[in-house]
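I begin with the strand pairing and end with the confidence values.

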Amino acid sequence: MLRPRSSRSRRSEMRLVIAPDKFKGSLTAPEVAERVASGARRADPTIEVVTVPVADGGEGTLDAVLAAGFSSRTALVAGPTGGEISAEFAVRGEQAVVEMARASGLDLLPGGRKDALSATSLGTGQLVRAALDAGCRRIVLGIGGSASTDGGAGLLQGLGVRFLDEAGEELPPGGAALVRLASVDLSALDARLTDTEIILASDVDNPLTGPTGAAEVFGPQKGASVEDIATLEVGLTRLVEVLDAAGALSVPAAEAASRAGAGAAGGVGFAAIALGATRRAGVDVVLEVTGLAARLRGADAVITGEGSLDEQSLMGKTPVGVARAASAAGLPVYAVCGRTTLSADAIADAGFAGARALSELEPDAERSMAEAGPLLEELAEQLVREIIEATGPSSAERAERYDLVLRGRALIDGAFEPAEIGVRSGRIARIAATGTGLAADQVIELAADEVLLPGLVDTHVHVNEPGRTEWEGFESATRAAAAGGVTTIVDMPLNSIPPTVSVAALDEKRAVAEGRVFVDVGFWGGVIPGNMAELVPLHDEGVYGFKCFLLPSGVEEFPDVSVAEMREAMAVLAGLDSLLVVHAEDAHIIEESVQPGSREYAPFLASRPRSAEDAAIAEVIQGAADTGVRAHILHLSNGDSLGRIAAARADGVDLTVETCPHYLTLAAEDIPEGSTAFKCCPPIREEDNREELWRGLAEGTIDYIVSDHSPSTPEMKFAGDGDFSLAWGGIASLQLGLSLVWTHARTRGLSLEHVVSLMSEKPAARVGLTDKGRIVEGGAADFAVFAPEDTFVVDAKRLSHRHPITPYDGQELTGVVRTTYLAGAPVEGDAPRGRLLRRGVTAQAGNAESIENGETA
């Protein structure tokens, strides 16, 4: 039954973006965002809240980018006084964010004792080097909150530079020691910097030296006396002279020292500029990295804020940066803060529609800071009520109308019910009982013999592009998927050239696919010998997991791994909570089972015995049990392994299993001589085995069904004139999966509801496509209109994949996919509207947007 809906306010369906900075001394930016979000929901439980914690490039930058989907990394580095500390930085793909305060910040000084003369930026340089070691070639350096005034000498030391005195001995850390600087050795400066983009996120425009330089202006904040400032000024001047004489830096030292921003963070700005860094306003960098602009699309209002909204805020701090972005999107923006010294006119002139301060609720500053969390929730609730009132009738009007409404029997919560499905901006905005009368720009009434299904999710597809487009390709594969009601595929790392075993190869594949896909497409990474160092970068780039073979794959560029190498990969992936999917056949047993070539099917079947599959599955289970990795068995063909799989699960192993339509609908006894269209690996087995697989599905031992769509050219598929040992092993059935499975499932008592779950919700859930595979409010508006009693005869020439080859040619099947919808619009053969997906990111109509943050794909 449809769940009854709670009553809604007249301005329901509001979308509110919350993009605050930290409240220093009280709450981090993510904590501020969550408190404001909680207050907003108290004001209106139906409100859609999007949180995007932000920062100005200084302290708090790391919190913001981690909330935006970057991965956390740590490195052992020198703290501001030289003692070893563990410092965090952030990575996404080839981009890293380093926050100086995490390694060289004032808050890290032992006992809070400031040491202006000796404090060092060495740890920041070591963090930059750690980012280079992680494969990053774009590094954002946020430099607020520093403890040092060493001109960035420590940063340069962390990257290999040696600073020497007259005796050729290395200088101790700190700005004061630079007074004795005689020479510099740049020979070991990290060569990777030459092809690395460094972004200096800083709003400070001071030069390095002089009356507005680092020592004079910022030295007192770091504990420098008048005498200390003089010493530091001499040291910084000497640093510029020696580096300028040495040359070899991207920007001559004398020029770098005079540039705006060189004096930032005690001169770390100077060192970064000398290395070729581009200085940009910190808030602009953070807003770009967190993807705020994308998150503003479709919003009704924005809330930003920071601890103190004052004159300094107007100089380009976070709230004003967010206000500029909101203004560009045509949205009202409101501020929350601990206190404000600005007049109402100044607040309005800065672009804010309003501002509220905690001091309104608690005038005592000490208590206000101590109780900032609950006070902020209360303040946000009041503010959001005001915003709702100010939004006007247009919000209510938008809430009452949809882009599309589909009316008919729909699969909701595991059962078919008459319903009206309202779609807005590519997502399911409302599910209502028939007769509610939802209004829309387009209303579709399903025919009496049709049902509405969630779009199917096929996580095992070989697209083969780039490199083998003559086999298949993104356009033809995704057309076939759409024709079969499949709205999301995940592409295997082979048989493309190059295979997806590095970030560079993934980027190449995405570039080829961009703008040419008719359904949404995600990607698997690959595990091969020698690419263990690529697994973490590929994970950070959003692959849905990793595939390996335990026997030769059939293409030389994707070699198999040993059991030991598989276990090594398992250990790495367990730490990432990633998924390892395995082609599980034992190479040694296969080698011992070689049969002579033949047009008969039986010798080929004997060459891939059940024991090979069972032995390899046992190795996967043991490795998963020992490492804790999330593991998955691909294309199970062997019913004998079901008991082993069930036992492993009972023991707590995180293991799932798939099978494919060809194992469920075909049988070895029925394969004609020389009919290599039926060849696949593992092979189609006997009829009794097929029934064991159906039993595994009914009992839940097998988790889901995917196609393993693996086409090739006719020359390869029919190589050897029907010799099964020479033909390519792969079956093309992407377009036919639902009809195939339903035709055979219905004769065995399995319901359509069960079949659809096995082909949509279950695979989507395992790989993390949380908004796919179900008809649920907030989910993707991906649908298949299916006529379960209609029939058709398969004509290979009319299928959408590249070559007209399929073992099902001429078969009559039950169940016809009549229309497929992607993001609320029908898929049309000349309009590729599919999106390229990343793990943890859910596609919106026209763009991809993270569920939890502003990352775009």
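How many bridges join E4 to strand E5, and in which sense do the two run? I found 3 bridges between E4 and E5 (residues 95–99), and the two strands run antiparallel. Strands here are DSSP runs of E with at least two residues, helices are runs of H or I with at least four, and both are numbered from the N terminus. I count two strands as paired if DSSP finds at least two bridges between them.

**Basis.** I am reading a predicted model, in which local features need pLDDT of at least 70 and side-chain atom pairs count only at pLDDT 80 or more, while totals for chains, interfaces and linings use all residues. Residues are numbered from 1 along each chain as its sequence is written, and side-chain values use heavy atoms, with hydrogens and water left out.

**Hairpins.** On the E3 side, I noted 8 bridges pairing E3 (residues 71–78) with E4 (residues 84–92) in the antiparallel sense. There, Val77 has Ile85 of E4 as its bridge partner. The hairpin of E3 and E4 has 5 residues between the strands, with Gly82 in the turn at a positive phi of about 100°.

**Sheet.** I traced an open sheet of 6 strands with mixed pairing, in the order E3-E4-E5-E6-E9-E10. E3 and E10 (278–280) are the edge strands; each has a single partner, so one side of each lacks a neighbour in the sheet. Direction ignored, neighbouring strands are turned by 25° against each other on average.

**Helices.** I recorded that H4 (residues 122–133) packs on the sheet, touching E3, E4, E5 and E6 (138–142), with its direction at about 135° to that of E3. Axes are lines fitted to C-alpha atoms, for helices over the stretch in contact (heavy atoms within 4.5 Å). Angles run from 0 to 180 degrees between N-to-C directions. H10 (residues 282–289) also packs on the sheet, touching E4, E5, E6, E9 (197–201) and E10, and its direction makes about 90° with that of E10.

**Confidence.** I noted a mean pLDDT (the predictor's confidence in each residue, from 0 to 100) of 92 for the protein chain, with 95% of residues reaching 70 or more. Over residues 392–398 the pLDDT is below 50. Where pLDDT is low, the predicted coordinates should not be read in detail.
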